[in-house]
Amino acid sequence: MHPPSVQNEYLSILRPYSNNVAQKFLTYILCILLLSATVFWSSCREDFEFETNSGNLTFSKDTVFLDTVFTNIGSATYTLKVYNRLNQDISIPFVGLENGPSSSYRLNVDGVAGKEFQNVPLLARDSLFIFVETTFDVTPTGETEFLNTDRILFGEGSAQQHVDLVTLVKDAVFLYPATNADGTRETIPIGLDENGNEIVVEGFVLEPAELNFTNEKPYVIYGYAAVDNGEVLNVAAGARVHFHRNSGMVINSGSSLQITGGLSMDPELLENQVIFEGDRLEPTFADVPGQWGALWIRSGSVNNNLQNLTVKNATAGLIVEGDINNPAATVTLINTQITNSLDFNLWSAGARISASNSVFGGAGATSVRLGNGGDYQFVHSTIANYWGNGPRGGVALALDNEDADLQRAEFTNSIVDGSSRLELSLIQNNNFAFNFRFVHTAIQFNDTGGNFSGNPLYDFDNETFYLNTIINGDMDFQSPFQDSFLLGVQSDAIDAGDPSTLPLFANDILGNPRDANPDLGAYEFAPEN
């Protein structure tokens, strides 16, 4: 069991925010007051004269794409602007949905909600806003994906105009806590606070019938989905798992997680990759960190294998609470990418982890934090913290033995890099063993101020700690701030690896073969990339 300080750090990440305030939607009200008085008139104009629109409207777009939503889950709100370019006030005799009241789309026309509107006024050289949303049940279609379409019609007869509405709706498996008789949600315990009181979060234990995730439909998880003692969660190649805000997955003591993703032919589609991400499918959320909680492997969990897995946009991508005295309590990462986490991509305490051909990208704090001792082996891995979402509070890689022996932390043919001068942090407690070594590894550590001069932990000439390392080299990554770490032709990582690793790691993270002089990191340089 880890000290309260460490456990509380874990809990602070996993605990849902207690003061969430529901977002308020603002409705814009347009008030136009017109007063004109001259010596020739004794009263104000009290009405406007509107001409019936004859098909002269223009629009901010001819199609409103509402992107992709899950079945029965409401979309975001999208905006259409309608312009009257004429010098004449007009009245639009009809504005409404082609499918009428039965449409799955909803409109709000200048602050008024509905699906059909009559005689909508629009002043000369002015415009009006139309807000569009949808909720659609894909089940009756019998399809796992369905293109839901409709039109907004403007006017009548031969002068009628239209704007298309398009939404891709995906069927999904929804997993969520039960609702108790008193209206509260089911919870699961996640630990004790500093006073010994139990801490719970909204969550549920996966039933035996729910322990095999396939690629037939996406999974959408609300709350924390827990794997119970003695159970194994299997996740097949191509599976997509989406987590709602303040949600995640917990692999409890005695349980196991087996992710068996595969290599993909399409680098965009990633058809065989297993992907863990948030449940907001709009393109604007594609790279927003902190959309969901964490994948948490708890102390006592055994034989966890994560292969061809992508974890992105979490608060803490992967948390591993280890049990160093249990040889079976291991986590193996192969061809795994964890990127764009709000705090940490990988946070381990006293764990036993083996990682190969894996990528740990930008994070708001430290990309890989290996604390409180443990046993770690990283081969052909790229740890590169290029955080593009504001200031960050950590480094690419941090090691410490604060409360336990660091039995081994070995990095071979790997890269430790980032956008800061110093991307390696080593914190030693002399009361415990602190065994680390970098072999054929590139490290960004540009101590221009000499703050670490004389510190033996950073003596890069000491072959006990550093053997054939590259210090402050140019990695020439393709697009590091977008977490793309393909090597460029000028990279110092090319051909800098130890060839003795080739029998076990003959191919890189993409399945490309390594040559006789392998490159550092997860990617082998290929001119066509």
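Is Phe-174 buried, exposed or partly exposed? Hold that thought for a moment, everyone. What we have here is a predicted model, where local features need pLDDT of at least 70 and side-chain atom pairs count only at pLDDT 80 or more, while totals for chains, interfaces and linings use all residues. Residues are numbered from 1 along each chain as its sequence is written, and side-chain values use heavy atoms, with hydrogens and water left out.

Back to the opening question. Phe-174 is partly exposed, because its relative accessible area is 25%; buried means under 20%, exposed over 50%, and partly exposed in between, with a 1.4 Å probe and protein chains only.

Now for the aromatic rings. A pair of them is described by the distance of the centres and the angle of the planes. Rings of Phe, Tyr and Trp (its six-membered ring) pair if their centres lie within 6.5 Å; planes under 30 degrees apart are stacked, over 60 edge-to-face, and the rest tilted. That rule gives 26 aromatic pairs. In one of them, the centres of Phe-70 and Phe-174 are 6.4 Å apart with planes at 85°, so this pair is edge-to-face. It joins distant parts of the chain, with Phe-70 in strand β3 (residues 63-70) and Phe-174 in strand β12 (residues 173-175), 104 residues apart. Strands here are DSSP runs (E, at least two residues), numbered from the N terminus.

For a stacked pair, look at Phe-213 and Tyr-219: 4.1 Å centre to centre, with 10° between the planes. Phe-213 is buried at 2%, and Tyr-219 is buried too, at 8% relative accessibility. There is also an aromatic cluster, whose members include Phe-360, Phe-411, Tyr-458 and Tyr-466.

Let's move on to a serine. Where does Ser-358 lie? You'll find Ser-358 in the loop between β29 and β30 (359-360), and at 0% relative accessibility it counts as buried. A polar atom of the Ser-358 side chain lies 2.9 Å from the backbone oxygen of Ser-356, and the backbone nitrogen of Thr-336 is 3.3 Å from a polar atom of that side chain. Beyond its neighbours within four places in sequence, Ser-358 is in contact (heavy atoms within 4.5 Å) with several residues, among them Leu-333, His-380 and Ala-522.

One last stop, the lining of the largest cavity. β26 (314-321) and β29 (344-356) each supply at least two of its residues.

Note on methods: Helix = DSSP H or I, 4+ residues; strand = E, 2+ residues; numbered from the N terminus. Polar contact = N/O pair within 3.5 Å; in protein donor to acceptor, adjacent residues only side chain to side chain.
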